[in-house]
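Here's a quick briefing to read alongside the model. Have the 3D view open as you go through the points.

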Amino acid sequence: MYVVIGLGLFETNDLTHEYVQYLQGKELKQLTLTLAQHIRQALVNKGREHMHSEWIECGLFELSHMLLFESSIKTLYGDIDPLSFEREYRIFDSNIHVLMYPYPTFIFKQLYSSLIKAKQFLIKQLYERQHHPHDQDQLDRTRSLFVKFMNDLMCKYPEQTVSINDIGSFNLALLWSAIGNTIPAVYWALFYLLTGPTATIDIIKKEIQQHLSLFIRLDIPDENNDYQLDQLDKCVHLDSAIDETLRLVATAMILRRCSKDTKITLDAERTLLIKKNEAIVLFPCASHYDSRIFHNPFQYKHDRFLPANLNVEQKRSFLPFGGGKFICPGRSMAKNTIKISVAFVLQHLNIEFLNSDIRTPPLAKEKIPDFQNSRIGYGIAPPREERRIRYSFKQ
Ligand code: HEM
């Protein structure tokens with residue numbers, strides 16, 4: 001997401017407001033419906049692939065990736081055959097933090113040549129598949145207005161200002177902003193629910209069954225799914241469980257530049273002076289773990305974010321998507337994505353952890369989630385260790 005900001009295209013007011021409309025209202029509904037169709041298809045395909053084996057073994061993170069990698073990219077970018085660059089995406093995603101290191105170019109080339117190759121490959125592919133597709137009609141029918149708008153816009157700039165490489169890089173940054181955070185978010189949302197008390201998951205399953213069962217069916221094409229989509233808002237426990245997950249696992253650093261000399265009073269004795277133009281890095285996660293704001297902050301409480309349980313201070317301090325003018329424009333899409341992914345999984349799959357003592361530790365212990373340390377600060381970090389599971393389709 002920092003590369004996006006670095007490109008500077010989002011920094012003018014008019015642009016910020018124009019592109020955001022493609023991630024809200026009617027367009028958001030359309031994106032969510034399309035995503036649900038792709039997730040349904042991904043599950044149906046998986047079921048067919050394993051028709052003869054009842055249980056499928058994999059990692060929980062792998063399951064989240066399987067649900068969302070192809071589905072999210074197709075929803076935003078259209079039918080551009082995401083699986084053909086999945087290998088390069090995995091290399092890029094698992095090393096993205098390295099790209100922020102201030103190494104000289106030759107170090108990158110020598111030590112991280114596969115990362116640099118993967119990144120260049122993705123940049124080229126994403127440019128070509130948006131600007132020289134095999135089938136333009138198919139692309140226009142399937143890609144989102146959001147991605148179309150952004151690509152059309154970049155083409156209006158002269159090549160000296162926005163080069164082909166910039167357009168590809170921008171698309172890669174956007175793609176990563178969209179899925180690099182939602183895949184880990186789905187992992188953590190499932191992880192907390194599946195390792196938590198049975199009573200909690202039962203409440204959420206009941207809600208899904210009550211409000212979303214038609215929308216997330218695997219066997220029939222959607223009918224009246226517009227209405228079904230409105231039911232997403234009725235799943236208040238699911239919504240709260242997802243916000244609680246985000247509170248625990250969202251670790252994005254928010255970058256800003258100070259616009260005028262500012263004095264902040266820290267306490268009775270101390271003040272902090274920030275000068276105009278100084279760079280500021282905010283770490284909202286700090287307030288997410290502040291026990292003065294969130295009681296027992298290291299504990300996962302699925303109902304903490306139910307409207308009746310929230311006070312003003314908690315609402316103000318909850319910043320998984322940043323805040324202010326540059327708040328994540330994809331936040332509603334992200335929430336819908338996590339909700340429907342969790343709903344599809346809980347509704348259709350039986351999941352068992354292969355490591356049987358999984359239920360005891362992380363919830364009981366007072367500690368931060370078991371993140372991949374190198375990814376803290378870049379959004380939602382994947383887990384340090386993959387959790388092996390097996391799943392089967394419910395009859
Ligand atoms: C759980 C998932 C997500 C999380 C935690 C997340 C978080 C963030 C954060 C913290 C920022 C920086 C905000 C700031 O500077 O104040 C950001 C920016 C951004 N995000 Fe997200 N995001 C998620 C999903 C998405 C999705 C699904 C999309 C697109 C469909 C998206 C598109 C963007 C874009 C374009 C920016 C740059 C905005 C700008 O510079 O004005 N994000 N995101």
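A word on helix geometry before the details: axes here are lines fitted to C-alpha atoms, for helices over the stretch in contact, and angles between N-to-C directions run from 0 to 180 degrees. Keep in mind that this is a predicted model. The chain folds into 17 helices and seven strands.

**Overall dimensions**
- A compact globule of 395 residues would have a radius of gyration near 21 Å, and the chain agrees with that at 21 Å.
- The C-alpha trace spans about 65 × 60 × 45 Å along the principal axes of the chain.

**H10 against H16**
- H10 (residues 164-195) packs on H16 (residues 331-348) at about 45°, and their axes sit 10 Å apart.
- That angle makes H10 oblique to H16.
- The crossing of H10 past H16 is right-handed.
- On the H10 side, the contact uses Asn-181, Thr-182, Ala-185, Val-186, Ala-189 and Leu-190.
- H16 answers with Ala-334, Thr-337, Ile-338, Ser-341, Val-342 and Val-345.
- By type, the residues of this H10-H16 contact are eight nonpolar, four polar and no charged.

**Around the ligand**
- There are 28 residues around the ligand, and those that come nearest are Asn-181, Ala-252, Gly-322, Cys-328 and Gly-330.
- The shell splits into 20 nonpolar and eight polar residues, with no charged ones.

Conventions
Residues numbered from 1 in each chain as written. Predicted model: local features only at pLDDT ≥ 70, side-chain atom pairs only at ≥ 80, totals over all residues. Helix = DSSP H or I, 4+ residues; strand = E, 2+ residues; numbered from the N terminus. Parallel < 35°, antiparallel > 145°, perpendicular 65-115°, else oblique. Left-handed = near helix turned anticlockwise from the far one by under 90°. Contact = placed C-beta atoms within 7 Å. Nonpolar A, V, L, I, M, F, W, Y, C, P; charged D, E, K, R; others polar. Near = placed C-beta within 6 Å. Rg over C-alpha atoms; globule rule 2.2 N^0.38 Å.
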